Amino acid sequence: MTNAPATDDVRIRPLERSDHDDWRRLWTAYLAFYESSVAEEVYVSTFARLLGDDPQDFSCLVAEKDGVLVGLTHYLFHRHAWRVENVCYLQDLYADPEVRGTGVGRKLIEAVYAAADAKDAPAVYWLTQEFNTTARQLYDRIGKVTPFIKYQRP
């Protein structure tokens, strides 16, 4: 994490078709951080879905600085059995290492909060791995940790 001051020259905006190469670079780095990768067809389908207009698909916001993407977030709205309104799941959040600690991650999360508010979805949630201590410092300030433990099909 850098000690650079928070910058006001970072713009948060929706993903555009012309962002493909920078988006792919950022998402690849995000996946590598979690020791994961996806097939080419997943890159293609995910990018198409992010740009589509199906309300069930993910949306993407990017952080842009000096004409270059330096961060991204993927999120979606879905129904919840315990609520009347939809909830928002923030699936992916990534900032380039050189901009960490400058407020990019916070700006991206706050932009998802604003998108959720605009869709009348007051609950926003996300998951991270226990070892992601740097990001968790931000999450502890901007969110609330829950006691839930995730299980999945083996």
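In what order do the elements of the chain run from the N terminus on? They run β-α-α-β-β-β-α-β-α, and the chain holds four helices and five strands. Helices (H or I, at least four residues) and strands (E, at least two) are DSSP runs, numbered from the N terminus. This is a predicted model, in which local features need pLDDT of at least 70 and side-chain atom pairs count only at pLDDT 80 or more, while totals for chains, interfaces and linings use all residues. Residues are numbered from 1 along each chain as its sequence is written, and side-chain values use heavy atoms, with hydrogens and water left out.

**Overall dimensions**

- The chain has a radius of gyration of 15 Å, which agrees with the value near 15 Å for a compact globule of 154 residues; the radius is taken over C-alpha atoms, and the globule rule is 2.2 Å times the number of residues to the power 0.38.
- Taken along the principal axes, the C-alpha atoms of the chain fill a box of roughly 40 × 35 × 35 Å.
- Of the 154 residues, 37% count as buried (buried means under 20% relative accessible area, exposed over 50%, partly exposed in between, with a 1.4 Å probe and protein chains only).
- Among contacts in the chain with a separation of 6 or more, 62% come from residues 24 or more positions apart; contact means heavy atoms within 4.5 Å.

**Helices α1 and α2**

- The axes of helix α1 (residues 20-33) and helix α2 (residues 40-51) come within 12 Å and cross at roughly 120°.
- That makes α1 oblique to α2: angles under 35 degrees count as roughly parallel, over 145 as roughly antiparallel, 65 to 115 as roughly perpendicular and the rest as oblique.
- Axes are lines fitted to C-alpha atoms, for helices over the stretch in contact, and angles run from 0 to 180 degrees between N-to-C directions.
- On the α1 side, H20, W23, R24, W27, T28 and L31 meet E40, V42, Y43, T46, F47 and L50 of α2.
- The residues of this contact of α1 with α2 divide into seven nonpolar, three polar and two charged (Ala, Val, Leu, Ile, Met, Phe, Trp, Tyr, Cys and Pro count as nonpolar, Asp, Glu, Lys and Arg as charged, and the others, Gly among them, as polar).

**Individual residues**

- T46, in helix α2, counts as buried at 17% relative accessibility.
- Leaving out residues up to four places away in sequence, T46 touches W23 and W27.
- R11 lies in strand β1 (residues 10-14) and is partly exposed, with a relative accessible area of 46%.
- With residues up to four places away in sequence not counted, R11 touches V62, A63 and E64.
- The C-alpha atoms of R11 and K65 are separated by 6.5 Å, although these residues are 54 residues apart along the chain.
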